[in-house]
Amino acid sequence: MRASDLTKSLTALVAQKVPTFLWGAPGIGKSSIVKEIAKSRDIGFIDLRLALMDPTDLKGIPFYDKESHTALWAPPAFLPSEGEGVLFLDELNSAPPAVQSSAYQLILDRRIGEYILPDGWAIVAAGNREGDRGVTYRMPAPLANRFVHFELDVSVDDWRDWAYRVGLDSRIIAYITYKKEHLFTFDSKQDVKSFATPRSWEYVANILKSNIEESLLLESISGAVGREVAVGFLSFLRVMERLPDIKSILQGDESQSSDEVDVLYALSSGLVSAYLQNPSQEALENLLRYTLNMKSEFAVMVVQDLQRNSIKMEHSPTFKKWVEKFAYLLN
């Protein structure tokens, strides 16, 4: 399931407190999706890494109650005691079977030992698939039956929407738009340490921000996304040297252009990123006017990216001209 569809389904199930489990390859944003849902609903979010826990970490420890002369369980402080939120059980199937067993009662009955999960909290779990070369334990059928299961797929379009939204380096967005297969290169059959994933491209963005010496860039980026992808990305960066001036285009300069495909990929993503960082009606008119003279597929790419980022253009006189010229490509 694509991230955009999964977000809609998961948001509805979180509201109904239905336990859900997200399956997917490493580094594709499972935990980020759950965190963003909690943020969008303005509710709490607690991330528990069950693979790092012992069975008693969830159930708590027993203590003697003098008044009742019985042993009671002291629940752990990290479990919520009030309010609303999402309790995220990450890497659930990487936890030892004894820890998974401790989670049974919490997931099904919303309680464990003396602890009761507040009514406002939903349970969402996640884990890697058994064939993904991670440390996993087969999930017992009784535990699996306590969840609604979803498998997250990698979607370049959904990733690009997210990348624009968070302001990821436009050079990375342009490269993935140009070379879609390099967003995710994980292959469970290959024994390699570095491979491209949405998460590792965030690392690349941080590497680019670090002002690391140019002579060290190849090795550093290779350590995040693998050497083949790193070589392709750095080669693509040289394209940026041939880009028209994006700032002047948004200010109304229509004199600069290019017919090179790789340059147009970079230019299209660069224009959208620059506009989203500093939107204005004047810049929008200038941008739309510039796209009227671009190759049709890139003009459509720019407008669709703007629309997916909630930019309204129906009131624009330039957009009316744009529709007259390119509408046939949208059907």
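How many bridges join strand β3 to strand β4, and do they run parallel or antiparallel?

**Entry 1: ground rules and the hairpin**

I noted first that this is a predicted model, where local features need pLDDT of at least 70, side-chain atom pairs count only at pLDDT 80 or more, and totals for chains, interfaces and linings use all residues. Residues are numbered from 1 along each chain as its sequence is written, and side-chain values use heavy atoms, with hydrogens and water left out.

Back to my opening question: five bridges join β3 (residues 61–65) to β4 (residues 70–74), and the two strands run antiparallel. Strands and helices here are DSSP runs numbered from the N terminus, with at least two residues (E) for a strand and at least four (H or I) for a helix. Two strands pair if DSSP finds at least two bridges between them. I found Pro 62 opposite Trp 73 in β4. The hairpin has four residues between its strands, and His 69 takes a positive phi near 55 degrees there.

**Entry 2: the sheet**

Next I traced an open sheet of five strands, in the order β2-β5-β8-β1-β9, with parallel pairing. The edges belong to β2 (44–49) and β9 (148–151); each has a single partner strand, so one side of each is left without a neighbour in the sheet. On average, neighbouring strands are turned by 20 degrees against each other, direction ignored. For such angles, axes are lines fitted to C-alpha atoms (for helices, over the stretch in contact), and values run from 0 to 180 degrees between N-to-C directions.

I then looked at one pair: β1 (residues 20–23) and β8 (residues 120–127) run parallel and are joined by four bridges. Thr 20 stands opposite Val 124 in β8. Helix α2 (residues 30–40) packs on the sheet, where it touches β1, β2, β5 (84–90) and β8, and its direction makes about 175 degrees with that of β5. Contact means heavy atoms within 4.5 Å.

Which residues have the most contacts inside the largest nonpolar core? I got Ile 172, Trp 201, Ile 221 and Phe 233, in a core of 61 residues. Its largest share, eight residues, comes from helix α12 (residues 261–277). A nonpolar core is a set of buried Ala, Val, Leu, Ile, Met, Phe, Trp, Tyr and Cys residues joined through side-chain atoms within 4.5 Å. Buried means under 20% relative accessible area, exposed over 50%, and partly exposed in between (1.4 Å probe, protein chains only).

Not counting residues up to four places away in sequence, Ile 172 touches Trp 159, Trp 201, Val 204, Ala 205, Leu 208 and Phe 233. Apart from this core lies another, of 26 residues, including Leu 79, Ala 103, Tyr 104 and Trp 121.

**Entry 3: helix α10**

In α10 (residues 227–237), I listed the buried residues as Val 229, Ala 230, Phe 233, Leu 234, Phe 236 and Leu 237. They cover an arc of only 155 degrees around the axis, which puts them on the same side of α10; the arc is that of the directions from the helix axis to the C-beta atoms. Their cover includes α7 (170–178), α8 (198–209), α9 (214–225) and α12.

**Entry 4: helix α14**

Leu 306 sits in α14 (residues 296–308). Is Leu 306 buried or exposed? At 0% relative accessibility, Leu 306 counts as buried. Leaving aside neighbours within four places in sequence, Leu 306 is in contact with Val 272, Tyr 275, Leu 284, Leu 287, Ile 311 and Met 313.

A salt bridge is a side-chain nitrogen of Lys or Arg within 4 Å of a carboxyl oxygen of Asp or Glu. Arg 308 is partly exposed at 35%, while Asp 305 is buried at 1%.

**Entry 5: other salt bridges**

The structure holds 13 salt bridges. Asp 47 pairs with Arg 49, with the closest N and O atoms 3.0 Å apart. Asp 47 is partly exposed at 29%, and Arg 49 is partly exposed at 33%.

Arg 242 lies in the loop between α10 and α11 (246–250) and Asp 262 in α12, so the pair ties together parts that are 20 residues apart in sequence.
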